[in-house]
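Take a moment with the model below. The paragraphs after it lead from the whole chain down to single residues.

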Amino acid sequence: MSIILGIESSCDETAAAVVKDGQLLSSVISSQADIHAKYGGVMPEVASRLHVENIGVVLKETMEKAGLGYEMLDAIAFTRGPGLIGSLHAGCEAAKALALLFHKPLIPVHHLDGHIYANEFVDSLAFPLLAIVVSGGNTELVYMEGPLSFKIIGETKDDAVGESFDKVARVLGLPYPGGLPIDQHAKNGKAIYPLPSQKAHHIPGTDSYDYDFSYSGLKTAVLNFVENQRARGEDFSLDDLCASFQKAAIDPIVERSLLAAKQYKVKQVVLAGGVSANSYLREEAKKAFEGTGIRLTIPPLWCTTDNAAMIAKVGEKLFEAGVRCGLDIDVDPNWQIEDFLRF
Ligand code: KG4
């Protein structure tokens with residue numbers, strides 16, 4: 001039984017939320033997306049300054065909506081990493097100030113644990129579990145033998161899948177962030193253009209596959225395709241190219257997830273992170289897991305974007321497990337999910 005305030009500021013959303021006994025009392029998000037869109041990507045310096053500007057108002061509104069005073073909280077949880085260092089600092093310092101002033105325990109939360117546990121707002125979690133973590137900064141298959149246990153069994157060797165959507169969108173003259181516009185164009189197109197696909201390789205002599213990903217080649221292939229068409233004076237369909245790219249980017253995620261889920265005999269698979277908003281991924285994952293006996297949980301769209309409800313949710317679990325940090329805690333922009341208890 002606990003009341004936890006969560007603070008999230010890892011990228012370009014300033015957010016706070018209160019969770020009481022697993023239930024969300026309030027959640028406020030101030031997004032900077034429109035401002036960064038003008039630059040074609042997140043400007044780290046601008047993001048940190050806006051977090052500092054917005055965090056006070058976001059906290060005030062969150063507490064008012066929850067109908068609570070800070071003295072009623074049991075702990076303050078904040079995103080310690082991964083993310084942009086200046087952005088992370090803004091949330092961390094706000095959390096420290098509140099912990100100091102109101103004599104509350106401070107709890108560092110891993111951002112991706114948050115995305116995984118966001119699924120608990122809509123479904124219970126059954127272990128062992130496989131989390132498909134796909135965002136602008138990460139592409140990971142995370143095996144969870146039990147609660148708060150994370151093992152990466154596959155990850156990208158170069159670009160993250162969301163990053164490849166954003167880079168390809170830029171090549172195609174679509175706005176930032178590129179995931180949604182590509183998704184929308186792809187709905188009107190057909191995957192007719194040949195782009196490199198990455199089939200999972202079986203590891204000889206085992207029942208295992210190589211679950212790693214690579215996205216830099218796909219981005220280059222799209223760039224080369226566009227340049228060749230232009231050099232030849234030949235037109236191409238933007239909708240069809242978006243559909244072709246999306247299929248080449250998402251199919252490997254679905255294929256590897258299914259193979260890994262079977263190999264690791266998981267009971268449940270959850271989607272997590274910004275790219276889990278992708279309509280093709282959601283549909284293909286549903287089709288792939290249908291009839292397998294493995295439960296697939298697809299988060300509602302509000303859980304796919306950055307928010308603090310998920311940070312408060314993990315904060316509550318860590319609070320109950322006795323996890324605390326001191327006021328000398330620092331952020332870690334490259335914090336690994338497997339090291340979530342090392343800070
Ligand atoms: O998790 P997130 O908000 O940020 C990180 O913490 O990285 O994910 C943002 C990423 C961006 O790369 C964006 O283009 C992508 O998620 N994204 C999508 C879609 N909506 C957002 N990618 C594909 N399809 C979408 N519908």
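What follows starts with the overall build and then turns to particular places.

This is a predicted model. The protein holds eleven helices and ten strands. Its radius of gyration is 20 Å, close to the 20 Å that the globule rule gives for 343 residues, so the protein is as compact as a globular protein of that length. The C-alpha trace spans about 65 × 50 × 30 Å along the principal axes.

Next, the inside and the surface. Of the 343 residues, 55% count as buried. The accessible surface of the protein comes to about 14,600 Å². Carbon and sulfur atoms own 54% of that surface. The protein has 31 positive and 44 negative charges.

Now the cysteines. How many disulfides does the count come to? It comes to zero. A disulfide needs two cysteine sulfur atoms within 2.5 Å. For cysteine 11, the closest cysteine sulfur is in cysteine 92, at 17 Å, which is too far for a bond. Cysteine 325 also has its closest cysteine sulfur in cysteine 92. There the distance is 7.4 Å, again too far for a bond. What about their surroundings? Cysteine 11 has a relative accessible area of 24%, so it is partly exposed. Cysteine 325 counts as buried, because its relative accessibility is 14%. The cut-off for buried is under 20%.

Turn to a residue of the interior. Leucine 281 sits in helix H9, which runs over residues 279–289. Is leucine 281 buried or exposed? It is buried, since its relative accessible area is 1%. Which residues does leucine 281 touch, leaving aside those up to four places away in sequence? They are Val134, Ile250, Ile253, Val254, Leu271, Val275 and Ser276. One of these partners is Ile253. Leucine 281 and isoleucine 253 are 28 residues apart in sequence. In space their C-alpha atoms are 8.4 Å apart.

Helix H6 covers residues 179–187. Its buried residues are Pro181, Ile182, Asp183 and Ala186. An α-helix has 3.6 residues a turn, so residues three or four places apart point the same way. What covers the buried residues of H6? The cover includes H5, helix H8 (238–263) and H9.

Alanine 191 is found in the loop between H6 and helix H7 (216–231). Its relative accessibility is 40%, so alanine 191 counts as partly exposed. Setting aside residues up to four places away in sequence, alanine 191 touches Asp240, Ala243, Ser244 and Lys247. Glutamine 263 makes a contrast in distance. Alanine 191 and glutamine 263 are 72 residues apart in sequence and 30 Å apart in space, C-alpha to C-alpha.

Some places in the backbone deserve a look. Most residues other than glycine have a negative phi, and most peptide bonds are trans. Where does this model depart from that? Start with the peptide bonds. The bond from glycine 81 to proline 82 is cis, with omega near -10 degrees. Proline 82 lies in the loop between strand E4 (75–81) and helix H3 (85–102). Tyrosine 176 and proline 177 are also joined by a cis peptide bond, with omega about -10 degrees. Proline 177 belongs to the loop between helix H5 (161–171) and helix H6.

Then come the phi angles. Aspartate 21 is not a glycine, yet its phi is positive, at about 45 degrees. Aspartate 21 lies in the loop between strand E2 (13–20) and strand E3 (23–31). At 32% relative accessibility, aspartate 21 is partly exposed. Histidine 103 has a positive phi as well, near 55 degrees. Histidine 103 sits in the loop between H3 and strand E5 (106–110). Is histidine 103 buried or exposed? At 72% relative accessibility, histidine 103 counts as exposed.

Terms used
Residues are numbered from 1 along each chain as its sequence is written. This is a predicted model: local features need pLDDT of at least 70, side-chain atom pairs count only at pLDDT 80 or more; totals for chains, interfaces and linings use all residues. Side-chain values use heavy atoms; hydrogens and water are left out. Helices (H or I, at least four residues) and strands (E, at least two) are DSSP runs, numbered from the N terminus. The radius of gyration is taken over C-alpha atoms; the globule rule is 2.2 Å times the number of residues to the power 0.38. Buried means under 20% relative accessible area, exposed over 50%, partly exposed in between (1.4 Å probe, protein chains only). Accessible areas come from the Shrake-Rupley method with a 1.4 Å probe; for residues, only the protein chains shown count as cover. Lys and Arg count as positive and Asp and Glu as negative; His and the chain ends are not counted. The place of a charge is taken as NZ of Lys, CZ of Arg, CG of Asp or CD of Glu. Contact means heavy atoms within 4.5 Å.
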